[in-house]
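Here are a few exercises to work through with the coordinates open. Try each task before you read its solution.

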Amino acid sequence: MSVRDVLLHPHQGLRDVAEPIAEVNAEIRQLVNDMWETLYHEDGVGLAATQIHVKKRLLVVDVSDKHNQPQCFINPEIIETEGGILGNEGCLSFPGMYLPISRPEFAKIRALDEHGQLRTVEADGLLARCLQHEIDHLNGIVFIDHISRMKRERALKKYFKELDLRKKRL
Ligand code: NI
């Protein structure tokens with residue numbers, strides 16, 4: 001297993017639209033393992049393949065308190081959503097940025113797991129938010145796309161300033 005590099009905004013790879021996975025084979029399971037390892041290394045709750053510059057429809061999440069319940073969703077599809085709720089979000093591709101984002105409160109999602117088994121998950125709370133955020137990534141959409149231009153410009157100004165300071169410290 002290996003930790004992969006996570007792309008940071010404004011890397012153009014974050015705008016890639018991922019392609020469906022035809023077969024869940026050993027290569028895909030290796031990729032899933034790498035993504036879980038990267039997720040824990042980065043202390044995140046979700047990671048999409050496009051964030052490690054892989055154009056495949058695959059995401060991993062772990063929203064458990066103890067970070068011991070890794071899940072993977074291959075070729076995920078949102079088949080139903082309900083409600084709307086504002087919640088704070090961050091993203092491994094935007095270190096230090098946290099924004100209130102409005103999304104459906106419930107989401108029913110169909111996907112394959114790492115064994116190629118089809119399953120349907122009815123998600124609410126953090127899991128629903130996280131899955132919708134990661135599925136956005138697979139479509140080349142990032143969380144700042146959901147806020148107004150004015151709020152986005154303000155948040156990005158702060159982000160680039162902090163990213164600059166971060167680079168200087170490295
Ligand atoms: Ni993200």
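Donors here are N, O and S atoms within 2.8 Å of the metal (3.2 Å for Na, K and Ca), and water is not among the atoms, so sites may look incomplete. This is a predicted model: local features need pLDDT of at least 70, side-chain atom pairs count only at pLDDT 80 or more, and totals for chains, interfaces and linings use all residues. Residues are numbered from 1 along each chain as its sequence is written, and side-chain values use heavy atoms, with hydrogens and water left out.

**Exercise 1.** Find the protein donors of the nickel ion and work out how they are spaced in sequence.

*Solution.* 
- Step 1: pick out the atoms. They are Cys91 (SG), His133 (NE2) and His137 (NE2), sitting 2.1 to 2.2 Å from the nickel ion.
- Step 2: write the spacing, which comes out as C-x41-H-x3-H.
- Step 3: Cys91 is in the loop between β4 (85–89) and β5, while His133 is in helix α2; the pair links distant parts of the chain, 42 residues apart. (Helices are DSSP runs of H or I with at least four residues, strands are runs of E with at least two, numbered from the N terminus.)
- Step 4: check burial, meaning under 20% relative accessible area, with exposed over 50% and partly exposed in between (1.4 Å probe, protein chains only). Cys91 has 10% relative accessibility, so it counts as buried; His133, at 5%, counts as buried too.

**Exercise 2.** Work out the strand order of the open sheet and find its edges.

*Solution.* 
- Step 1: strands pair if DSSP finds at least two bridges between them. The 5 strands run β1-β2-β3-β6-β7, with antiparallel pairing.
- Step 2: β1 (46–48) and β7 (118–123) each pair on one side only, which puts them at the edges.
- Step 3: look at the β6–β7 hairpin. It has 5 residues between its strands, and Gly116 in the turn has a positive phi of about 80°.
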